[in-house]
Amino acid sequence: MGKSRARRFRRAPFSPAGPEQRRDEEGGPEEEPAAELLEKLQHPSAEVREYACASISKLLQQKHVIPAFLQRDVVRCLGPLLMDHSLAVRETAAGALRNLSACGGFEVCDDMVTKDIMTPLVALLKECSTGLDANQLSPKKCREMNKNYIEDIANEAINLLWNVCECNNTAVSIFNKEGCLEAVLHYVKKFSTNVDLAISVANCLQAVTEDNPDLLSSFNAYAQQVLETVMLCPESTMKHILLRTLIAGTFWNIKDTIPPGSLGSMVNAILKIFSESLAIDAGETIIRMTEAEKNRLKLAAEAETEENMSDVTDSRVLTEDDDMEEIPKGKVRRENDISDLLPSDKWELKEVTALLMAQQTALEIIVNMCCSEDPSDDEWEELSSSDESDLFMENSYNEGGGLLLSPLCLSDEVNSAFLNNLIPKKILEKTAFPNSVALDICMHNPSWKPLIKKLNAVQCRALTCLHSILLVSDVDCLGGVSALQSLAQHLSQLVFSKTELPTDTEFLEAITSALRALLQTMASKNISQCMTPEQLLALCEAGIHSSNASVKVNVVSILGISGSVLAKGQDTAETLKMIGKFLLEVAMKESSLVVAGEALDALFDVFADGKEAEKAAVQIKLLPALKEFQPVFKMRMRKEGKGQYSTDQLCVLDNVKMNLRRFIAYQETLGKTLT
């Protein structure tokens, strides 16, 4: 609450690949019922147990089958296998539990913790950490399998730990008490040879350090040194950029452990990493990487053709030692090699995905840097949806401004670091629509198509970031009046540049939040507004029909801000009439009391003062309309209030009710004066 980046639930995008894919070609594990697969988990053969785990892992990606497995106590069936004698079984069991936690959601994660998944998970993590350097497998065995089982098991286990800690406070408490930090720090030190494992650890660390003061004492000098080494690693791949970004986010979460004298340099280092990530053009990277992928696949196909021809030629001269040759790395994998990552021929796609995740993460953390850690006393609305992008937005009420983020004035260190690293400029660049050529490439390539959603997510996070910066920075820091007017023009173009107004809920929420903060800033400094009355009402018409309550609140507030500015001008009565009618209709017909209350507040602002406002109020019969609506509003609060709204929301609605009574009295007095 009060933070614009809510906890994210990361769904594991790829299931373990290997034996279950091979068997899927023969009919697939979907044909085997949950009961039969769970029974096979007790089979004396490790290969059968491994197959059962892998099959369950694949099935658990389908949400509709999860209840059948939960009814048969899948957690308690799979949990003991995390400590199975077979390393392959451990890995597939951890992968199945990871998919269950990722695809099942918050309630499933709670159930997993209740059924004591943390006991075997913590034991596995500690054992893997101990055996990380002294791998239990011989080097020859590892080469034959082209695999490091300890690190792969650790990767699955860390992702499972991350998911449950994201969703369950008890899991976080166990993490603290069991000293898991030491184990996961041991894993992250493998970043130079296993960046995927390090990224999983960094994601987990960012989750467990968020709002977890009990863990801060564990971040001693050694722990900070480990993280600092990772954060300063020089590798320039997109995966390493993502890794540095996540570790920078962890440092921000544990900033209270940093000595005051070092805080400024730490913030500057964090923002330098974010700047590095945001400076990369994702659209151009997609264009370049897809071309690289085409060239690589073409060369690989040509090489394979030549190799096949060579095999035919040489088939008659094989020696008896040929079958003892070491398998070339990356060409042929053992049948039970299991990986939950993208196939090995997708490294370009992996790189771009890592870049977009790094940029999204950087923007989310910057939003947090601009926001208060504590919830506002006047919190108005807590919004949520099944989409993580909606979870991203949490807002609180500011008197006179409606639903806004609780601002925390940036310290001198943060302000200076923001400007030195050109953060506002780079955020603004990310608010533009994604590169059209890159979008077209992704649209026509099934493997790359999921990146479209990620590109749009980065744009929306950038708009939210802009919103937060507008709330905590003064006009001079933002570049002065001309910069604000240019920004207003840019945001207007995002809304009105296309033939139809945007309808995407996530984008509408982000753009209206940014516009609202900008208009509020401009109004407070008497800077001329950016939208024509026609554009203003068109945006509000589109927003008020959104299914998202915060979009509705934003557009109503935008009308209130713009209307209050117009009320001070001349010859604006006609426009004020349109605004007044719109707000009255919202207040009277909107199903959400929160939105209705915001509409009333906007009416109070617009018609509080000014000759043009007085004229418009008379012409739209504002006073009799509000007098008629007043008892209706009171009745709705009595009937709907306690059952649907929080205590904080009811407190704000009580203030609206009181202000409505006062505004009616003011209008009555004003009417007597005019007559």
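Beyond its neighbours within four places in sequence, Arg244 contacts Val230, Met231, Cys233, Pro234, Glu235, Ser236, Ile273 and Glu276. The model is predicted. Arg244 belongs to helix α16, which spans residues 238-253. A search of the whole structure gives 0 disulfides.

**Arg244**

- The relative accessibility of Arg244 is 4%, so this residue counts as buried, the cut-off being under 20%.
- The contacts of Arg244 include the acidic residues Glu235 and Glu276.
- Val230, Met231 and Ile273 are also among the residues that Arg244 touches.

**Nonpolar cores**

- The largest nonpolar core holds 129 residues, and the members touching the most others are Ile56, Phe69, Tyr187 and Phe274.
- Another core of 71 residues lies apart from the largest one and includes Cys460, Leu491, Val495 and Ala617.
- With residues up to four places away in sequence left out, Phe69 touches Ala34, Leu37, Leu38, Ile56, Leu59, Leu60 and Val74.
- In soluble globular proteins, nonpolar side chains tend to be buried together.

- Cys109 is in no disulfide, and the nearest cysteine sulfur to its own is that of Cys167, 3.8 Å away.
- The 3.8 Å between the sulfurs of Cys167 and Cys109 is too far for a bond, because a disulfide needs the two sulfur atoms within 2.5 Å.
- Cys109 is buried, at a relative accessible area of 0%.
- Cys167 is buried as well, at a relative accessible area of 13%.

Key. Residues numbered from 1 in each chain as written. Predicted model: local features only at pLDDT ≥ 70, side-chain atom pairs only at ≥ 80, totals over all residues. Heavy atoms only, no water. Helix = DSSP H or I, 4+ residues; strand = E, 2+ residues; numbered from the N terminus. Buried < 20%, exposed > 50% of the residue type's maximum accessible area, 1.4 Å probe, protein only. Contact = heavy atoms within 4.5 Å. Core = buried A, V, L, I, M, F, W, Y, C linked by side-chain atoms within 4.5 Å.
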